[in-house]
Amino acid sequence: SFRHWRLLRSPGNFPHCCSSSSSSICCFDLWVVMGTSRCKAMELLPLLLCSVVLFSSVVSCEEKLVRIGLKKLRFDQNNRVAARLEAGHAREGLRAALNRKYGGLLGDKGDPRDTDIVALKNYLDAQYYGEIGVGTPPQKFTVIFDTGSSNLWVPSAKCYFSVSCFLHAKYKSSQSSTYQKNGKSAEIQYGTGAIAGFFSVDHVKVGKLVVKDQDFIEATREPGVTFLMAKFDGILGLGFREISVGDAVPVWDNMMKQGLIKEPVFSFWLNRHVDEEEGGEIVFGGVDPNHFKGKHTYVPVTQKGYWQFDMGDVIIGGKPTGYCGRGCSAIADSGTSLLAGPTTVVAMINKAIGASGVVSQQCKTVVSQYGQTILDLLMAEAGPKKICSQIGLCTFDGTKSVSMGIESVVNEGDERSSGAVNDAMCSACEMAVVWMQNQVMQNQTQERILQYVDELCDRMPNPMGESAVECGSVSSMPTVSFTIGGKVFDLRPQEYILKVGEGTAAQCISGFTALDIPPPRGPLWILGDVFMGRYHTVFDYGNMQVGFAEAA
């Protein structure tokens, strides 16, 4: 049988899609060929990269594999400007979100499940989307398939006061024959505000599957620049129920419970070739052998909630950083475009690739006043975790350094300010110790070590979330590698550098951004689309593991 869809797009949204300036709309033809006796490959007639890769799906009656085609949007200048505006307001909101979760101070011990990683995500940069339907008949929405959250939400027709809602498709319960009222209020906290609304129940169509009686959020408030400028309507979370707001059963869980798929596995293939039309594909119920090369390396999920696993050291240009030598945690997150990790390591990467950053005065003060002392203690084989407490910049709680500033804070404003400064000095000291230890292992001279650390103070990751590099230097940048399951996974510079624009107007952006999560959840890396684009990723719910193999 043959199915034919004709999709209309406004040339205002996709200016490169129409060859004729007089045309008021852009037309795309999509033919899907579906066999009746066995699964045949989909055939997509020409689509234009600058718009999207259109939604498409094939269900095999024999294998129950469901393929969801992904739309691909270029990383553009408008999104970068909006991201800066968003990030400028996000820092205090992010700290407040973490403080709420940590009981008032960063690094306080508590239930690690309470950490709100969703508050750290920047969906504005996300580039891969797919299409679903909600209700009967299906109302279409473009969503991010996000392994870093667990709820499904779409804009509601009852969203009257958020401008974002007027720019996206809205769910109309009155037009669905399978709608069921719930009405319980819901809120998902982000760094800059919250998506707010209420729960409803309806059928959700994913590819050719229909998930019945699915709880989802009708969003009635979408604050901030992120959702105003976003090209997607909503988010479909593929994380675990443990982090689902309102304890709603995720769409993925219902797929399994309702017997819609053969195997409790889904996999991501993200096409990072910008000159190709196809954005990628999610396969529910298994994997497509055409999407990867060789065998997957699997690591167990260490904590249900996010798809979190243990990770080994980070290697820059073939040299270990030592920061994760004793282990770090990592999350495979399809809803984040970049690679986020501890400031200490990202600063080292910035230095190696020549990325611009911001000068940290606290860092330079620590190096000038305490650098030689720190180095002497390291050479005397003092315990690295105790060095900053030994020189009086931190205290030691038995397992790690703790800022003296946090402990000394009382209600007076001046003392609070002093505590904040001491907190920064403690963090700067801890970074300096790691950097110096790395250079000592490489048998550098004392003079070179102190110079290197001082230079790193000038390469601190930009708090606005991005660091620029010279496009002409990309080919000479080092490989950055991650150790997972005992195997080294390389990222070449052309894979971790994002290019914006063409020709003389081109700008190149580092794919690494800083994210500091304290124990017990951290240190933590979030491996987003930059990593998942190079490595086909399998989310194996049945065996509670995540697998990586080189993408085809």
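User: Hi! Before we look at the cysteines, what counts as a disulfide here?

Analyst: Hi! A disulfide is a pair of cysteine sulfur atoms within 2.5 Å. Please keep in mind that this is a predicted model.

User: Good. How many disulfides does the structure hold?

Analyst: The structure holds six disulfides. One of them is formed by Cys-363 and Cys-457, with 2.0 Å between the sulfur atoms.

User: Which parts of the chain does that pair link?

Analyst: Distant ones: Cys-363 sits in helix α6 (residues 361-379) and Cys-457 in helix α10 (residues 446-457), 94 residues apart.

User: Is that disulfide left-handed or right-handed, and why?

Analyst: The disulfide of Cys-363 and Cys-457 is left-handed, because the torsion about its S-S bond is about -65°.

User: And are Cys-363 and Cys-457 buried or exposed?

Analyst: Cys-363 and Cys-457 are both buried.

User: Let's stay with α10 for a moment. How far does α10 reach from its first C-alpha to its last?

Analyst: α10 reaches 17 Å with its 12 residues, close to the 16 Å expected at 1.5 Å a residue.

User: What about α5, is it mostly covered or mostly exposed?

Analyst: Helix α5 (residues 343-353) is mostly covered, with nine of its 11 residues buried. Among the buried ones are Thr-343, Val-346, Met-348 and Ile-353. Just after α5, Gly-354 takes a positive phi of about 75°.

User: Back to cysteines. Which residue does Cys-388 pair with?

Analyst: Cys-388 is joined to Cys-429 by a disulfide, S to S 2.1 Å. This pair also links distant parts of the chain, from Cys-388 in helix α7 (residues 384-390) to Cys-429 in helix α9 (residues 413-441), 41 residues apart. Cys-388 and Cys-429 are both buried.

User: Why is the Cys-388 and Cys-429 disulfide called left-handed?

Analyst: The torsion about its S-S bond is about -100°, so the disulfide of Cys-388 and Cys-429 is left-handed.

User: And what is the handedness of the link of Cys-471 and Cys-508?

Analyst: The link of Cys-471 and Cys-508 is right-handed, with 115° about the S-S bond. Cys-471 lies in the loop between β22 (468-469) and β23 (480-484), and Cys-508 in strand β26 (residues 507-510), 37 residues apart.

User: How do Cys-471 and Cys-508 count, buried or exposed?

Analyst: Cys-471 counts as partly exposed because its relative accessibility is 30%. Cys-508 has 4% relative accessibility, so Cys-508 counts as buried.

User: What about Gly-472, where is it found?

Analyst: Gly-472 is in the loop between β22 and β23. Gly-472 counts as exposed, at 72% relative accessibility. From C-alpha to C-alpha, Gly-472 and Cys-508 are 9.2 Å apart in space, and they are 36 residues apart in sequence.

User: Changing topic: how many cavities of 30 Å³ or more does the structure hold?

Analyst: The structure holds four cavities of 30 Å³ or more. The largest cavity has about 50 Å³ of space.

User: Which residues line the largest cavity?

Analyst: Leu-70, Tyr-128, Phe-145, Phe-268, Leu-270, Ser-334 and Asp-529 line the largest cavity. By class, that lining has five nonpolar residues, one polar and one charged.

User: Last topic, backbone geometry. Which residues does a cis peptide bond join?

Analyst: A cis peptide bond joins Thr-136 and Pro-137, with omega about 0°. Pro-137 lies in the loop between β5 (128-134) and β6 (139-146).

User: What is phi of Asp-213?

Analyst: Phi of Asp-213 is near 50°, a positive value in a residue other than glycine. Asp-213 lies in strand β10 (residues 209-221), and Asp-213 counts as partly exposed at 43% relative accessibility.

User: And phi of Asn-443, what is that?

Analyst: Phi of Asn-443 is near 60°, again a positive value in a residue other than glycine. Asn-443 is found in the loop between α9 and α10, and Asn-443 counts as exposed at 70% relative accessibility.

How values were computed: Residues are numbered from 1 along each chain as its sequence is written. This is a predicted model: local features need pLDDT of at least 70, side-chain atom pairs count only at pLDDT 80 or more; totals for chains, interfaces and linings use all residues. Side-chain values use heavy atoms; hydrogens and water are left out. Buried means under 20% relative accessible area, exposed over 50%, partly exposed in between (1.4 Å probe, protein chains only). Helices (H or I, at least four residues) and strands (E, at least two) are DSSP runs, numbered from the N terminus. On a 1 Å grid over the protein atoms alone, a cavity is a set of points where a 1.4 Å probe fits but cannot get out, and a pocket is an open set with protein on both sides within 12 Å along at least five of seven lines; lining residues have an atom within 4 Å of a point. Grid points are joined across faces, edges and corners, and a volume is the space filled by probe spheres set on the points. Ala, Val, Leu, Ile, Met, Phe, Trp, Tyr, Cys and Pro count as nonpolar, Asp, Glu, Lys and Arg as charged, and the others, Gly among them, as polar. The expected span of a helix is 1.5 Å times one less than its number of residues.
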